[in-house]
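Hi,

Here is the structure I promised to pass on. Have a look at it first, and then read my notes below.

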Amino acid sequence: MILVTTDYISGKNLEMLGLVKGSTIQSKNVGRDITQSFKTLVGGELKAYTEMMNEARALATKRMVEEAEGLGADAVVNVRYSSASVMAGAAEVIAYGTAVKFV
């Protein structure tokens, strides 16, 4: 599966199949939340949260690709990501784009 952020793929004619998306809501455990809150006192990267967001993006992307494959897509163009906090220590990540088939 080809994933691109552009609305085209060089050298390919595309048939649009429709919007595809994948999402997840992730959180860290209470112990991680407490240790990360101490990190905010001294500054620096909150590695547990960076890891959490990377995992969330990967899972959202996987789910988007699975939806595209279900439509018989060869690629997803115009891929975008969005995230939002749903509660303290939990974030939703959504990946979305347009599923296309090569013609």
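For what follows, two strands count as paired if DSSP finds at least two bridges between them. Keep in mind that this is a predicted model.

On that basis, there is an open sheet of four strands, with mixed pairing and the order 1-3-4-2. Strand 1 (2-3) and strand 2 (14-27) sit at the edges with a single partner strand each, so one side of each has no neighbour in the sheet. Strand 3 (residues 75-87) and strand 4 (residues 90-102) run antiparallel and are joined by ten bridges.

As for the rest of the fold, the protein chain has two helices besides its four strands, and along the sequence the pattern reads β-β-α-α-β-β. Helix 2 (residues 47-70) lies across strand 1, strand 2, strand 3 and strand 4, and runs at about 145 degrees to strand 2. Of the contacts in the chain with a separation of 6 or more, 75% are between residues 24 or more positions apart.

Then the surface. The chain exposes about 6300 Å², with 54% of that from carbon and sulfur atoms. Buried residues are 29% of the 103 in the chain. What I'd click on next is a nonpolar surface patch of about 320 Å², made by I25, V86 and M87. M87 belongs to strand 3; its relative accessible area is 56%, so M87 counts as exposed, the cut-off being over 50%.

Cheers

Conventions. Residues are numbered from 1 along each chain as its sequence is written. This is a predicted model: local features need pLDDT of at least 70, side-chain atom pairs count only at pLDDT 80 or more; totals for chains, interfaces and linings use all residues. Side-chain values use heavy atoms; hydrogens and water are left out. Contact means heavy atoms within 4.5 Å. Axes are lines fitted to C-alpha atoms, for helices over the stretch in contact, and angles run from 0 to 180 degrees between N-to-C directions. Patches are made of residues with over 30% relative accessible area and no salt bridge: like charges are joined within 9 Å, nonpolar side chains (Val, Leu, Ile, Met, Phe, Trp, Tyr) within 5 Å. Accessible areas come from the Shrake-Rupley method with a 1.4 Å probe; for residues, only the protein chains shown count as cover. A salt bridge is a side-chain nitrogen of Lys or Arg within 4 Å of a carboxyl oxygen of Asp or Glu. Buried means under 20% relative accessible area, exposed over 50%, partly exposed in between (1.4 Å probe, protein chains only).
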